[in-house]
Amino acid sequence: MNKEVRKLRNGMTKDCLEQSFSERRTFSLAKDEYTATPHDNFMTLAYTVRDRMMERWIKTQQRYHKQNLKRVYYLSMEFLIGRLLMHGIQNLGIESEIREALKSYGVNLDMILEMEPDAGLGNGGLGRLAACFMDSMATLGVPAVGYGIMYDFGIFQQKLINGFQVEAPDHWRKLGTPWAIERPEYQIRVHFGGRTQHLREPSGRLNVRWTDTDDVMAMPLDIPVPGFRNDVVNTLRLWSAKGTEEFGLEYFNHGDYIKAYENKLASENISKVLYPNDKVSGGIELRLKQEYFFVAASLADITRRFRVHNDRWEDFPKKVAIQLNDTHPALATAELMRILLDDAGLEWDPAWDIVRQTFGYTNHTLMPEALETWPASLLQRVLPRHLEIVYEVNARFLAEVSRRFLGDIARIRRMSLVDESGSKHVRMAYLAVVASHSVNGVSELHSELLKKTLFKDFFELWPERFNNKTNGVTPRRWLLESNPKLASLITEAVGDGWQTDADRLSGLMAKRDDQGFRESWGRVKRQNKESLAAFVKRTTGVSVTVDSIFDVQIKRIHEYKRQLLFAFFLIHHYLRLKRDPNADFVPRTAILGGKAAPGYEMAKLVIKFVNSVAGVVNADTAVRERLKVVFLEDYRVSLAQRIFPASDLSEQISTAGTEASGTGCMKFMMNGALTIGTLDGANIEIAREVGPKNMFIFGLKAEEVEKLKGSGYRPEDFVRRSPALSEIIRLIRHDFFSRMEPGLFQPIADSLSRWDPFLVLADFEDYLRAQDEAEKLYRDRTAWAKCSILNVAKSGRFSSDRAIREYAKDIWGVPG
């Protein structure tokens, strides 16, 4: 490449960017200023920005190879990366130059940014954490590759029709993506089914061959992950399933054109959609195939990289650290064993030592549905070799347990990797624990609960393996990019550098008593609220006042996250306003958002219930200026980036002991919202940072929850003791919120009155107290501003940079 072309592709000046935009539009899209659509302009600018990453990307990878550095391989079923264009612009540090360059073409950057679809590569906190971690690893210069699946369709696009969630396909790639680069030369053949052959060699060694398999090709697509202004670009490698042949030529030649493509289409279903419905047997098998497909391709790629510069397998853990992001990739442990035993020819003991030294396992939940178990019969049919390996691992592991705990048959049964209480199932979380040298939870409470409950037996056997790594979020995405006005004010106050050293945010503490600074802080919040209010009006038709408290709960819809508790408070508050129209309450805007899993009927009913409550409240002219309830459709990363900067009050109200960590609480905190919440997940650590007077804590603690359940929880007693609860339950039973659909919400009233598994009713009265405290503080604008500033000042602890430094030092053994 000659100097002029290199300057054009790499230059960061306004003139270079202007030329590059024109060149890309002409030669990559064959468009000009007359024919280019808004989407063409997005693609053109994305290619222009991506060009600035290319040489940096290549040089980064060359440096890793030449120095033969130990690398981190982060395996995750989800990477909720959101939109990448502004993220790339920010990390390269060229926003002002881009804006100036686009003026020459009459193009507005903000309008272009809205053309980018959110990448449908994740669903919730698990995937967003992975995306934050990838950003932090690149920013800290950690040699890392993320591995996942390039889904054609995201989980779904949420539509609200008559208040009900309706799922539509999320075909986020229908117009292509400028970020992913195909690497067909590194395709991997992945095997399924077939049978195993056990052959004894003359030396006496057992040789196992996996034969007669049905194969799928894994095509890698690479997405660059730029660090923040440090010339480091790491790689996110995502696998797309392809048929081993384009079509069956024999069938085609005989005129059976559909049959000719049948196998190809079946193969490619593996990467078609995120989380297929596992309520049916076909969905369960497809989910298993997805998980093995991505770990098999990733392990083949990892071992290929290792063998480029290393000959001795015993050096593998010195050059490779593999982190399992939750239980989904646990089959990677059995796959590495298969490679070492069957392909590399190692004996069991040295192979198992390599596996254990290589893997780290992050557990993200205590919820039963997230702790995968696979029927042994399904594994036998789909992955026969891996089931053999799991059985052998289990036999050797239980022998170790037997030696340690002589005669404790109950313990052996509890710890077995194979649950034999009914039809045989393999416990994948247990496999991940046994095969890893490190097992971590994602908040201090969660990590303690893992040791006391789910993995209690394993902790007693190997206490040294267990540790905590509290989650974090990247301030580049969630403050600098999402809240540019506040980011600018912070930089004026504490100087530059907080973007990569979030501890510097503590410098804001000195500004809390500065009236001028507090007024500037308030203006920024108001401007953000005005922007969100305009968006709400545009998308829902509901007008909200920016003088109200923006009280927000945005997260996946699940009973344990207790959207119902928030809804019950809003009903109670509505009834207070109706009873006493002259009562002096601060106006309140409740904003909710989130998706329910398609097969989770109660969660979907909760969405309908919230929307029905909103319908009643918003239509009542008597409270119109004092209370509004809005459920925002299709919650996603780009929508979250609008909501966090405008929020006043952050609803983190899960039942204590159920939320592993939560990262939404950290994003709210980083944007100056105050938290109302239980002592659950990361809320406990937030409370320690800000002090209990600067958040609104309520509800039973985790140990009190267990005590209440253990003593025989009777939810009807709490209804009887609370006039407010009694009235709300009565209104639901009398179809006050479902006049046109009688009985619709009866399941909610019945579930809460009879079982209330997540103690909504037990925590209700204390929640009302906390809400009243929040309102009281909000009236004191000076005190509220001081608390808001303090929350941001103390949020550095929750940067994903801090989390990655801890992983790098304590688990991976790499500089961070």
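Predicted model: local features only at pLDDT ≥ 70, side-chain atom pairs only at ≥ 80, totals over all residues.
Residues are numbered from 1 along each chain as its sequence is written, and side-chain values use heavy atoms, with hydrogens and water left out.

**View 1. Helix α18 and its packing partners.** Helix α18 spans residues 444-452; helices (H or I, at least four residues) and strands (E, at least two) are DSSP runs numbered from the N terminus. L445, H446, S447, L449 and L450 are buried (under 20% relative accessible area, 1.4 Å probe, protein chains only). These buried residues pack against β16 (438-441), α19 (456-461), β17 (466-468), α27 (683-690) and α28 (702-710), contact being heavy atoms within 4.5 Å.

**View 2. Buried residues of helix α21.** In α21 (residues 484-494), L486, A487, L489 and I490 are buried. They lie on the same side of α21 because they cover an arc of only 165 degrees around the axis, taken from the directions from the helix axis to the C-beta atoms. The buried residues of α21 pack against α20 (475-481), α22 (515-540), α26 (664-670) and α33 (781-793). G495 follows α21 and has a positive phi, near 85 degrees.

**View 3. Lining of the largest cavity.** The lining consists of 18 residues, of which I81, L84, H87, P224 and V225 lie nearest the cavity centre. Lining residues have an atom within 4 Å of a cavity point, a cavity being a set of points on a 1 Å grid over the protein atoms alone where a 1.4 Å probe fits but cannot get out. α4 (85-92), α7 (125-139) and β9 (214-226) each supply at least two lining residues; the largest share, five residues, comes from α7.

Notes: Buried < 20%, exposed > 50% of the residue type's maximum accessible area, 1.4 Å probe, protein only. 1 Å grid on protein atoms, 1.4 Å probe; cavity = no way out; pocket = protein on both sides within 12 Å on 5 of 7 lines; lining within 4 Å.
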